[in-house]
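This report covers a chain interface and a ligand site. The structure comes first, followed by the terms and values.

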Amino acid sequence: MSGLTVKDLVVDHGAITAINGISFTVEPGQLAAVIGSNGAGKTTLLRTLSGLKHASSGSAQWSGEYILGKKPENLVRHGISHVSEGKSVIPELTVKENLALGGIWRKDKKDVVAVTKEVLELFPRLGERLSQRADTLSGGERQMLAIGRALISRPKLILLDEPSLGLAPLVIEQIFHTIDQLRHKLGLTIVLVEQNAMSALRIADIGIIMNLGKIVATGTATELINDPALHAAYLGY
Amino acid sequence: MQQAINALLIGISNGFIYSLMALALVLVWRSTRVINFAQAGQAILSTYIAYEIVTRTDNFILAFIGGVLAGALVGAVVEILLMRTLFKHVSDGPVAALAPVIASLGLLGLIRSVIGMVWGNDQKPFFPPVSTNGFTFGSTTVPFSRMNLLIVLGAATVMIIFTLIFQKSNLGLALRAAAFQPEIARLAGIRVGAIRTTGWIFAGAAGAVAGILISPNDAITPYSLDSLLIFGFVAAVIGGLESLIGAVVGGLTLGIGLSFILTYIGTSLIFPATFVVLALALIIRPQGLFGSKAARNA
Amino acid sequence: MHSLRRLFLFIFSTLILLALSLKIEELRVYQGAQIAIYALGISSIVLLTGYSGQVSLGNGAFMAIGAYTAALTQIHWHLPLFFTFVVGTFSAALAGAILGGGAARLSGPYLAGATLALAVGLPTLANQFTILNGETGLDYTSGTPPTWFGESFTLYKWFFWIVLVNVMLMMFFVRNITSSRYGRTWKALRGNPVAAQLSGIQVGGSKVLAFTISAGVAGLAGSLLGMIGFVGPTGFGLGLSFALVTGAVLSGVTSLAGSMLGAVVLVAIPELASVIAHRLGDTERVTSNLPGLIMSTLLILTVLFTPNGPAEQIRKHKARKQ
Ligand SMILES: Nc1ncnc2c1ncn2[C@@H]1O[C@H](COP(=O)(O)OP(=O)(O)OP(=O)(O)O)[C@@H](O)[C@H]1O
Ligand SMILES: [Mg+2]
């Protein structure tokens, strides 16, 4: 089976069980929004899928391959890119260097040049700041840089952890718009973790609602948006 | 005036050596967050290997290359065998937090004992490849010799090569990324483990160059680089511990500073002076000349 | 434990050990004195690292300060032996207070480097100032045992008695400090500096105090070591600091009782080494380097496999079984 399939996944942080047996499937090309309150286990889920965190049990497959237990640097080579929580850039490096980082491992240097150009077209503001250190960027620009770096690895699956964190509403809309654009243009599969439930669901195909390490509801994005019970309990409006 | 120039020249020559040692410490610190006290041991081991080659072949260049390669190799071995095991077993507790520092101290002791068993603890003369007599200009002879010139040129070459690698190459980018944010580096596809080993390899080579260049002025013993370790550490602290350029500037500052103190005040003060410099560096600029974050406060 | 009971325990064990010394071989008596001194030296590190969470690779330097000041006051001012110990202890404590003032602001690696610099640098002073008499060192003696102790009461026994009484006194003091308010403060600091600060503990002052006391304890150990051996730069170099750290790591750094164990190992290593060296043919190179080899290997293996010391490991193992 292709796409992303997670089965009976359990992940512990020492004595704390952050993810307690969850299963779901994201079809290729779909955008799945993962929603839940603080401490629901969303970040832990993404960290497990990208290889940063060990799972205690269960399985996860991407494009038919089992991915748990693999190292993040190898999963990147399998087309999985993780943009981690809190603007995943290296502040001490310049914008240019941060972007270059995403292409170091790739053999096809011509394509690295090409995709870098694409990224700079997508985020022109980065192009104007290439030799600036990343810590001088605004929050939104940093998020663009983080996504840009991930794209340079030519991923098939992107794991995005709260791209809207700490951004102004207008910038959030922009970022979400870009994400939506990207996946259609590049045919990406995306797992998007968000607190901003409505914005995320609006661009998502399916939604996964988590609470205390379990999935409490799944469905198409439209179903979830229109479910009044969920609104009250988890979506917060 | 003449005296001041002499002090300056000697200071620069020594300063370059201190810089190399500082560079070695900074490279390891950045890649693994360990102050590697065994650096002195690794460097003296490389120097003994160079000594062995030079006494057998009488070819300094061959000895230099052999010693530096040995230094690089020892660096890799230490990282892979000792540091990786150490970080695998790491747990909480008062010693665990200090485990890498203590392990590096243990390694320093181990390397010295092994050297002592193989070569003996007595002084071995390391013959200089070029004259150690000062240059003569007209009627005045300055204490700066061909050997000093070789030191400056050799050290400067190593630093230029390092700078090029670090600032211009992908390997350098990977090294810096892995040093600053290992997790993000991994997510970007960088094999941080291998990169870390590379950092130790470079450090081992830098330390070896320092040891091999400083030793021809003197005889070698298993302990003869202890003071270089201290000077290198102080230089690294002056430079901010994180910064390669800082290490170079720190080394030169310390070298020149100590040289003036020795010339004008007296040799007896070299260690107290070093200590004062260290204290001043920590008080005046706790983040170092080139450090951006106050990393050293508890 | 009640402090009164503790006092009796200390007095009782001191008396037993003093009595024992009359019954055993001369060499062992001397080694007993060495063990007691090392135990004191190690406990100076236990106090600092195990309790207040600071690291020192330079306590050998404090021992040197203790030994040299004690010797100098004996030579130049003819102070009675006990007062030279007091001088040695307080001089080292003063040095510790000065260094501790800076140390309190430093985190692990910086402090490790700075104290290492002290351990390497301080002994070189011996060759720079004529009053310290270079490599030859200073003459510092305990004097002969009182004649009314009898013929059979040898100089080594006299060493042992002096050492043991002083070590026990200091250990008693240290033991009480660690279970006092200060000891608890240090532990709180080590565990969670931020929380400790929030609960009103003066972080800086408390750390400096730990450094001062640790240095003082090391100073006394140094004076005693100088008395039974000699006061010179080779005896108080990096090797000594290194031995103390090894002993402290072997004993697990958190328990004062463990420091005895570490001390026994330190004294046993040269013995073991000489046995092995004998098998290997007794060449100069082997005999002079084997103790160092064994010690550093032991140190590395300990931090690799039982990072918190063998004692800690055993405790954990027991806890798991239950
Ligand atoms: N490194 C860690 N060590 C211990 N516990 C952790 C660790 N990381 C997360 N946890 C715990 O695991 C649970 C899930 O955390 P996680 O970060 O996955 O939540 P989240 O859904 O991403 O929350 P948020 O929306 O606040 O980012 C929480 O109870 C958290 O305290
Ligand atoms: Mg999160």
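## Basis

A salt bridge is a side-chain nitrogen of Lys or Arg within 4 Å of a carboxyl oxygen of Asp or Glu. The model is predicted: local features need pLDDT of at least 70, side-chain atom pairs count only at pLDDT 80 or more, and totals for chains, interfaces and linings use all residues. Residues are numbered from 1 along each chain as its sequence is written, and side-chain values use heavy atoms, with hydrogens and water left out.

## Interface of chains A and B

The rule finds 3 salt bridges between chain B and chain A. One salt bridge joins the side chains of Glu183(B) and Arg47(A), at 2.7 Å from N to O.

In contact (heavy atoms within 4.5 Å) are 17 residues of chain B and 25 residues of chain A. The buried area, meaning the accessible area (1.4 Å probe) that the two parts lose on being put together, summed over both, is about 2000 Å², with 60% from carbon and sulfur atoms. On the chain B side, Ile184(B), Arg186(B) and Leu187(B) lose the most area to chain A, together 32% of what that side buries.

## Ligand 1

There are 14 residues around ligand 1 (a heavy atom within 4 Å); Asn38(A), Lys42(A), Thr43(A), Thr44(A) and Gln195(A) come nearest. A polar side-chain atom of Lys42(A) is 2.7 Å from an oxygen atom of the ligand. The protein covers 62% of the 630 Å² of accessible area that ligand 1 has on its own, by the Shrake-Rupley method with a 1.4 Å probe.

Note on methods: Chains lettered and ligands numbered in written order. Polar contact = N/O pair within 3.5 Å; in protein donor to acceptor, adjacent residues only side chain to side chain.
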